[in-house]
Amino acid sequence: FFFSSRRRHTRFRNVTGVQTCALPISRLAHEANERWLDLSPVSETMSRGAGPRQDKLEITFTDEHRERQRSHSRWLLAELDKIPVASLNASEKLTHDMLGYQARESLEWLSHPVNRHYIFIQLNGGVANNLINLVGRQPFRNEADYQAWLRRLKRYSEVFAAAERLMRDGLASGITIPRVLVERALEQLESLAPPLHEVRKSSLWKPALQFPSNMSAAPRANFEGEYRRLLAEEIFPAIHQLARFVRDEYLPQARTTDGVGALPNGAAFYRLAAKSSTTTGLTPDAIHELGLKEVARIQKAFLATGARVGFQGPMNEFGRWLNANPENFPFQSADEVIAHLNRIHERIVPQLPKLFTRFPKTRFEIRLTDPAIAASTPAQWYPPSDDGTRPGAFMMPVVNARRVSTVGLEALLAHEGMPGHHFDGGIKLEANIPEFRRRTFMTAFGEGWGLYAESLGQEMGLYDNPMALLGRYSYELFRACRLVVDTGLHAKGWPRERAIRYLVDDCAQSPENATMEVLRYMAWPGQALAYKVGQIEIAGPQARSEEDTSELQSRFGIS
């Protein structure tokens, strides 16, 4: 980052805007990145956008492919060993360290069979969720792009068949997904393949609804006919086959336990997930205790702010109190939610020069999450494409606009947009460093920065309204509670009912949101730990304490 200090921001060092790495490390970084994209061509589409691999597809969870991934990491480590580290400058050394870290991390993950069995979940990594996201990010600029999509999608029948084989192996080895997650992922999968006369309801039909102006009627008609045949004769039957297997064979045998600790070697798998997510050596027990302390600290600020607007507690009454005021739920449509978020963004942008001297050049948009996955997907930021045709986008899930509260939206947008993920990701993508570094998302820093960015909203005047400040503290409290709940589920044997109850009783979450969040932690072990651990490292405990005290005293006269 490049930004100026108005108070406590001077402790950040410039680690991205550096000179281009010299050979040979830059050549190795480039070659390693291209080899990885050959192994995972969908990653090229999701990151760069259009590219030479946009018609390619690899089935990354097979034994054969996982061995190719191991070979790639071993090759990279061997090549790194040939480079004398003492001869590298600071930036080259960082490139060397990051390449080695990623290769070793990949080998660790590949040593755990549990990891690949999470192919049938409702979030990132799930076969249906991934396909829905891909069709939303695949380039469709011209006739060639449409033909590339046909070639890529044609291979998806193999993906569905391979997923069934893997899930059968899981049944045989006692590694299954919690039944409640399977049910939600099954709904997503079946939504992709409706009856042919209702094909427009499928997310897969999107390409036929967004033809570019440079495609004339004839190629449009040819694509639509060929595409309809591909869906009817190959893709939909493959989806139906996988859905039948899941519904009739897998679901009845899916486990009823909730945390990965119940699986073979599950405790070791979770320790790796916690280490990878936080990039620390903190044990699950230490993270759990840290969470309890942070929850107690933030609850005080939350309740003090709530008292100023009439909320007297206890914590589990917050949802009912919020619902009692219709002004907190003004939206009648999803479009109104997006319009409200855009108005918040318009307030944020003029305030950014108070804190920063450098800004991302890439465009930023706020969009609705695909309805097919909105009920089970959190709000997310997606990076822009290299060619500028796809902006950085904050995807907002809206299932029922009438149930979306305005409380907390300022903090949410500060996290996902600017100065949060779009700042972090946008500026990093413009840095003069190897591409893999520009594209690497270190969860502890990325999500820690997002949570830290929420606190910067106070300096930008986002929380002048006490209800907005209450929303900000509710979000920070929520991330602290994640430390308790995620470790509770996966390391301490909590059933999901206990985790849900903790989020309601101690974290002011509604039962509906608490339920959805716990399902997220079950599907994505360890990921939720990154936010608070990263934010604590970035902000420092003294800065957080001073901020909480001074803001409450100065704005609302709280002593």
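How many positive and how many negative side chains does the protein have, and how far apart do the centres of the two sets lie? I counted 69 positive and 64 negative side chains, with the two centres 2 Å apart; Lys and Arg were taken as positive and Asp and Glu as negative, leaving out His and the chain ends, and each charge was placed at NZ of Lys, CZ of Arg, CG of Asp or CD of Glu.

I note that this is a predicted model, in which local features need pLDDT of at least 70 and side-chain atom pairs count only at pLDDT 80 or more, while totals for chains, interfaces and linings use all residues. Residues are numbered from 1 along each chain as its sequence is written, and side-chain values use heavy atoms, without hydrogens and water.

Next I looked up the interior, and found that buried residues (under 20% relative accessible area, 1.4 Å probe, protein chains only) make up 57% of the 559 residues.

I then followed Phe 120, which touches, among others, Val 127, Met 167, Leu 242 and Val 246, once residues up to four places away in sequence are set aside; contact here means heavy atoms within 4.5 Å. Of the contacts in the protein with a separation of 6 or more, 78% join residues 24 or more positions apart.

Last, I recorded that the C-alpha trace spans about 70 × 60 × 55 Å along its principal axes.

How values were computed. Buried < 20%, exposed > 50% of the residue type's maximum accessible area, 1.4 Å probe, protein only.
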